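Reader: I would like to learn how to read helix packing and aromatic pairs in a model. Please take one feature at a time.

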Amino acid sequence: MGAVLAERDGTVTWLRNQREGERLWRLARRRWRKASGSRTMAEERRLKGEAKAVDRAAKLEKKRGGRAKKAAELERLRSVELACTYSALKGLMNDELSEQLKVWKLVQKKTGFTVGGSRVELVLKLQGLIFERFGAGANDLPDGDAGTERGKVDGRRRQRKVSGEGGKGRKRKRNLVELHGWEWDSKEEFEIERLIGKMVSDGVTPVPGREGECIAAGTVLYRVLWEGFPPEIATWEEEDQIPCGEVDFVGMYEDSLVAEEAEEEGSESDCDEEEE
């Protein structure tokens, strides 16, 4: 308060008793020369308030602009028709595949995956999402066709019902496991190809493919794509059940999620700067 009085009326009595009186006096003189000393306290408060009001208005305008841009993008994505079969993905370009994933993420409210990556990654993520929504009939690809440059899925594993006499189907071995039109030996050991999804159990909603199991709330699960099988055979596995050997599948997948989130935040900041 003494520094303010010195600035207003030139009083130095208070300053003489201060440890940094000279410095404060020089500060008061500089402020006086800048004309702030010629204004009343009420005028000073009014000017500061007006300056803050301008800043607040600018920040509010940026937020409104960002929200408007997001709303327009969401409205555009709502008009995008979702592919419902694996074969429909083969005719889409990479940017169209990425757009399909954005629809799943922003409109369908699915989480646990990125909307970017190589063509193989984009297609596999979409195949998994399509299967969960539309069922086994979504895979309308010919035997052995994976729908990507990933290579061929093992067509020998697809079930083939052969009719015999009396209309009876062929007998199956006791150790043969069947799921969604695919079969394998129960004693087989599978190799992980990659992870294509992530979810956190809420303890109530059944985990796809593991209905009837009691999975505690907060449990982190990853969707594992097994080598030689299509996404409909991918299973949801707990984090501690995924081996961390030569390839850290969980670490790599988490890194991709974090990288995309950081990129999205950076894009929003760039948009704000452009608007400013």
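Author: We begin with a helix pair and then turn to aromatic rings. Note that this is a predicted model.

Reader: At what angle do helix α4 and helix α6 pack?

Author: Angles of 65 to 115 degrees count as roughly perpendicular. Helix α4 (residues 41-78) and helix α6 (residues 94-107) pack at about 110°, so α4 is roughly perpendicular to α6. Their axes are 10 Å apart, and the crossing is left-handed.

Reader: Which residues of α4 and α6 meet?

Author: From α4 come Glu73, Leu74, Arg76, Leu77 and Arg78; from α6 come Glu99, Lys102, Val103, Leu106 and Val107. This contact involves five nonpolar and five charged residues, with no polar ones.

Reader: How many aromatic pairs does the structure hold?

Author: There are five aromatic pairs. One of them joins Trp184 and Phe229, with 5.4 Å centre to centre and 80° between the planes. Planes over 60 degrees apart count as edge-to-face, and this pair is edge-to-face. Trp184 lies in strand β2 and Phe229 in the loop between β4 and β5, so the pair ties together parts 45 residues apart in sequence. Both Trp184 and Phe229 are buried.

Author: Phe190 and Trp226 form a tilted pair, at 6.3 Å centre to centre and 50° between the planes. Phe190 is in the loop between β2 and β3, Trp226 is in strand β4, and they are 36 residues apart.

Reader: Is Trp226 buried or exposed?

Author: Buried means under 20% relative accessible area. Trp226 has 16%, so Trp226 is buried. Phe190, at 26%, counts as partly exposed.

Reader: Which residues do ring pairs link into a cluster?

Author: The cluster consists of Trp184, Phe190, Trp226 and Phe229.

Note on methods: Residues numbered from 1 in each chain as written. Predicted model: local features only at pLDDT ≥ 70, side-chain atom pairs only at ≥ 80, totals over all residues. Heavy atoms only, no water. Axes fitted to C-alpha atoms, helices over the stretch in contact; angles between N-to-C directions. Helix = DSSP H or I, 4+ residues; strand = E, 2+ residues; numbered from the N terminus. Parallel < 35°, antiparallel > 145°, perpendicular 65-115°, else oblique. Left-handed = near helix turned anticlockwise from the far one by under 90°. Contact = heavy atoms within 4.5 Å. Nonpolar A, V, L, I, M, F, W, Y, C, P; charged D, E, K, R; others polar. Phe/Tyr/Trp six-rings, centres within 6.5 Å; stacked < 30°, edge-to-face > 60°. Buried < 20%, exposed > 50% of the residue type's maximum accessible area, 1.4 Å probe, protein only.
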